[in-house]
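Here is a short walk through a structure, meant to be read with the viewer open. Take it one piece at a time.

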Amino acid sequence: MSDLAPSELAKVQAILGREPNQTETGIFTVMWSEHCSYKSSRLHLKKLPTRSNRVLVGPGENAGIIDIGQGYAIAFKIESHNHPSFIEPFQGAATGVGGILRDIFSMGARPIAVLDAIRFGPLDDPKSGDRNRRILEGVVEGIAHYGNCFGVPTIGGETVFERCYNGNPLVNVFALGVFRHDEIFFGRASGIGNPVIYVGAKTGRDGIHGASMASAEFTEESKQKRPNVQVGDPFMEKLLLEACLEAMHTGAVVGIQDMGAAGLTCSTCEMGSRAGTGVEIDLARVPQRESGMTPYEIMLSESQERMLLVAEKGREEEVFAVFHKWGLDAVTIGEVTGDGKLRVKNHGVVVAEIPNRELADEAPLYDRPHGMAPYRDAPMEAPEFPRSRDLNADLLALLASGDLCSKRWIWQQYDQSVRTNTLQGPGGDAAIVRIKETGTSVAMSVDGNGRYCSLSPREGARLLVAECCRNLSAVGALPVAATNNLNFGNPERPEIMAQLVEAIEGIAEACSHFETPITGGNVSLYNETLGEAIWPTPVMGIVGLLKTAPPVTIPFKDEGRTVMLLGGLGSVDATRFGGTQYAKVVLNEMWGLPPALDMDYEKRVHTAVREVIAQGLAESSHDVGDGGLAVALAESCAEGMGASIALDTGLRPEFALFHEGPSRILISTSEPEAVEKIARENKVECVRLGVTMKERLQISNAPVTEPGTPPETWIDCRVERLREVWENALENRLSPVPVA
Amino acid sequence: MRFGVVVFPGSNCDHDAWYAVSGNLGHRAEFIWHDSTSLGNADAVILPGGFSYGDYLRCGAIAKFSPVMGAVKKFAQDGGLVLGICNGFQILVESGLLPGALLRNRNLRFVCRPVTIRLETTNTPFTCAANPGQLIKVPVAHGEGCYFADPRTLDALKAEDRVVARYLDNPNGSLRDIAGICSEGRNVMGMMPHPERASDPLLGSTDGRIILESMVRSMVAAHA
């Protein structure tokens with residue numbers, strides 16, 4: 001099988017100076033696949049900011065690394081497993097978790113947190129609802145299976161439902177690990193003559209061509225690709241983690257890399273290429289799960305839970321001893337050479353010989369045409385819609401909707417507290433883990449919004465970055481670095497390529513502005529089924545730092561507190577309302593543009609809220625996001641604590657309650673003057689909305705235009721009712737097995 | 001006091017137990033590798049949570065053959081304190097140190113959330129520092145936590161005051177809401193909830209400390 005384009009084949013011939021054999025063709029095909037080479041996106045990814053004082057390792061390694069002070073660092077990255085999760089949801093999602101965890105611990109870091117951004121077709125879709133429910137349940141079970149057994153807490157993420165994911169669900173997994181600066185390892189095959197050692201699970205025929213499958217659209221035949229999906233064993237991975245970290249501590253390990261996509265092929269040539277060396281291996285020595293595997297199959301297998309490492313010559317036994325202690329295979333399969341070539345032998349006979357650098361780093365680079373408007377099918381102009389007859393009902397509908405309802409049913413299946421570092425788990429604005437050794441905590445936010453990005457990829461992407469940074473600031477964390485997962489359709493279509501380019505440029509602008517350099521990530525293209533592309537769906541994962549302390553959480557804590565909106569009520573017009581959850585859920589429409597963002601103002605709001613939290617003034621804090629102010633207020637009501645709110649606004653009630661303008665954070669405080677002082681110092685608005693009170697959430701307008709008229713009640717609902725609707729909506733849609 | 005924390009391949013709450021004992025309570029804790037045939041000079045042993053041997057075959061079914069379990073049994077026979085948490089509880093029932101079995105949760109799904117349990121007896125070395133009927137809030141995190149035993153065993157457990165903790169809001173379908181039990185000699189206890197995850201004020205609850213503190217108190221008394 002060769003998926004090389006004619007021009008690519010010609011390049012291969014030029015590099016080798018001859019025709020490639022079948023094994024070599026297979027090796028080039030996977031290494032030059034979109035998944036491994038980023039050949040359509042590389043040109044544009046260069047636009048992303050990648051540096052800051054804190055960045056120790058930027059893009060190009062298995063994960064980015066950030067300094068967190070006191071000699072400690074964190075490694076983190078997000079990666080997709082979209083295609084496998086559609087074909088086989090449980091294993092697809094499970095191995096997605098496994099792959100990103102290996103990326104983290106192959107650098108020497110111990111994984112301490114996982115977050116997932118998952119997207120499906122609607123659960124009540126008349127045609128695909130059953131299948132969507134099955135995929136959701138399989139994906140969630142797969143994530144739980146792998147992460148729980150491995151022993152890493154899964155502490156956040158997002159779950160979104162849109163029709164465009166009916167035939168192409170998205171599973172993006174973010175992982176983060178911690179280590180000391182002197183524990184960092186790289187995937188480099190340094191030191192001529194050093195042994196190349198294979199560790200971990202045996203190689204089987206599973207997952208062959210997984211990388212190239214992930215680089216193609218789905219067709220009717222895709223279900224036949226099930227054998228391309230890998231099978232995960234989290235227990236094996238746990239052993240591999242412990243053994244790798246222990247082996248690294250012996251000092252005998254020179255370099256190490258995960259065998260992920262494109263397996264042995266990718267790890268050998270990339271490690272050689274980074275070190276400027278050659279790597280020679282003999283496949284006869286590779287531990288194999290089944291007999292009769294061809295060199296082609298061994299080189300391209302994507303069997304899970306394997307690592308390739310290079311040890312210091314003469315100290316192999318120290319490495320072997322550690323792996324044998326953990327009951328794992330560790331075998332010398334070759335050595336580092338000085339000729340810069342990947343030389344693959346089978347029982348001593350050369351079956352492939354390719355220069356490492358050309359293979360790993362000189363993949364074709366395409367400047368795909370994109371000189372047109374990004375594809376969109378929504379109208380620009382807002383439809384007329386009548387005044388809502390029941391705003392209470394609208395709010396309850398939003399709280400019960402797939403995107404906004406509580407995801408408790410999902411995250412209760414994840415171990416959120418293993419490793420005893422979780423200060424804030426799922427359901428907060430940002431997840432927080434403490435670093436026991438330093439007194440520092442790390443906050444993480446993962447966010448995407450295909451709806452905004454389909455209306456404007458550039459503005460949508462900027463809003464995502466802003467939203468993540470706002471989430472972090474809302475828990476008091478300073479955003480410091482980012483990773484991104486770019487999920488798009490077929491880049492060979494110019495109108496799709498234009499989406500990708502605009503989104504990357506939007507991310508670049510915002511990440512520069514918010515000082516969150518991109519340290520790595522993943523591009524997943526060809527997310528199309530039967531010619532229909534998903535919406536452009538970049539997903540951001542941003543990390544922030546804060547001092548370890550009990551977290552400021554979303555719910556109101558006590559009655560009689562002042563409820564304030566830092567950043568002000570915001571503004572909106574009909575065009576900018578078309579991407580909101582209100583438009584989606586209540587009006588069943590989509591139009592116009594995403595909310596307008598002023599990045600300077602946004603950043604000042606972040607600074608202000610961090611200051612409010614640092615001074616201990618906020619009893620509760622919540623980012624105003626999807627669903628707007630009314631939903632944020634409803635989410636802040638818990639355990640019988642509600643609020644009485646009066647909005648001083650000239651906007652029509654739907655806009656005032658549900659617009660999704662950015663740069664707003666809802667807090668409750670007993671010291672409103674001190675909060676207002678901080679707001680003034682940062683030149684941001686701060687509005688007193690009302691006070692917390694027991695049992696009910698009431699929202700009325702306080703008209704300024706017609707003084708003397710009584711306020712109009714917009715929302716009046718018992719907290720218990722809001723809570724019940726919000727918490728049980730997902731479970732009700734999935735009709736769970738009753739507990740006896 | 002010196003706690004030994006056994007590490008099986010696949011244990012993943014070993015470090016948490018170690019940290020709760022040493023970091024939160026300020027006692028000594030040491031890891032004991034599963035192929036060790038000695039517990040060193042541990043005064044008490046914790047079998048931690050996790051997925052020993054990947055939960056292959058059945059949870060705890062392979063761990064019971066680990067060399068260290070011979071030493072644990074001997075230690076228990078001699079009256080030493082053994083606390084099995086989550087997977088550790090599963091290993092204790094598989095090893096025959098505690099009666100009954102832990103089946104898959106009734107809804108067939110893993111569950112992780114804080115639960116409230118009532119400490120049913122203070123007449124154990126694991127609850128002697130608690131008030132009678134004390135309610136504590138601790139997390140569960142398991143897929144196979146549904147306690148099962150035949151009615152005679154369940155009656156005997158109750159009659160002998162060996163049900164140490166019951167769920168107020170049963171998360172897994174356990175018979176008679178049982179969350180933890182102890183041995184006839186009262187020195188071996190297994191529980192599904194994780195007291196070590198509720199021992200640090202930063203994590204929202206220190207309710208779990210009462211278990212570890214009780215162990216310390218009873219050991220001090222025994223040494224005195």
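At what angle do the axes of helix H14 (residues 391-400) and helix H21 (residues 628-636) of chain A cross? They cross at roughly 70° and come within 10 Å. H14(A) and H21(A) are therefore roughly perpendicular to each other, a label used for angles of 65 to 115 degrees. Axes here are lines fitted to C-alpha atoms, for helices over the stretch in contact, with angles running from 0 to 180 degrees between N-to-C directions. Helices (H or I, at least four residues) and strands (E, at least two) are DSSP runs numbered from the N terminus.

A bit of housekeeping: this is a predicted model, where local features need pLDDT of at least 70, side-chain atom pairs count only at pLDDT 80 or more, and totals for chains, interfaces and linings use all residues. Residues are numbered from 1 along each chain as its sequence is written, while chains are lettered from A and ligands numbered from 1 in the order in which they are written. The model scores ipTM 0.97 and pTM 0.96. Chain B averages a pLDDT (the predictor's confidence in each residue, from 0 to 100) of 97, and 100% of its residues score at least 70.

For the sorting, Ala, Val, Leu, Ile, Met, Phe, Trp, Tyr, Cys and Pro count as nonpolar, Asp, Glu, Lys and Arg as charged, and the others, Gly among them, as polar.

Helix H2 (residues 22-31) and helix H10 (residues 263-275) of chain A also pack, at about 80° with axes 10 Å apart, and are therefore roughly perpendicular to each other. Ile27(A), Val30(A) and Met31(A) of H2(A) make the contact with Thr265(A), Cys266(A) and Cys269(A) of H10(A). This one divides into five nonpolar, one polar and no charged.

**Sheets**

Six strands of chain A form an open sheet with mixed pairing, in the order S1-S2-S3-S6-S4-S5. Strands pair if DSSP finds at least two bridges between them. Strand S1 (55-57) and strand S5 (154-161) of chain A stand at the edges with a single partner strand each, so one side of each has no neighbour in the sheet. From one strand to the next, the twist averages 25°. Helix H6 (residues 89-105) of chain A packs on this sheet, touching S3, S4 and S6.

| Strand | Partner | Bridges |
|---|---|---|
| S2 (residues 64-69) | S3 (residues 72-80) | Five |
| S22 (residues 562-566) | S26 (residues 686-694) | Five |
| S24 (residues 641-647) | S26 | Five |

Gly64(A) stands opposite Phe76(A) in S3(A). In S26(A), Val687(A) faces Leu565(A), and Gly690(A) is the bridge partner of Ile645(A).

**A glutamate and the chain contact**

Beyond its neighbours within four places in sequence, Glu602(A) contacts Ala466(A), Leu597(A), Pro662(A) and Ser663(A).

Finally, 27 residues from chain A and 26 residues from chain B make the contact between the chains.

Notes
Two residues are in contact if their C-beta atoms, placed from the backbone, lie within 7 Å. Angles under 35 degrees count as roughly parallel, over 145 as roughly antiparallel, 65 to 115 as roughly perpendicular and the rest as oblique.
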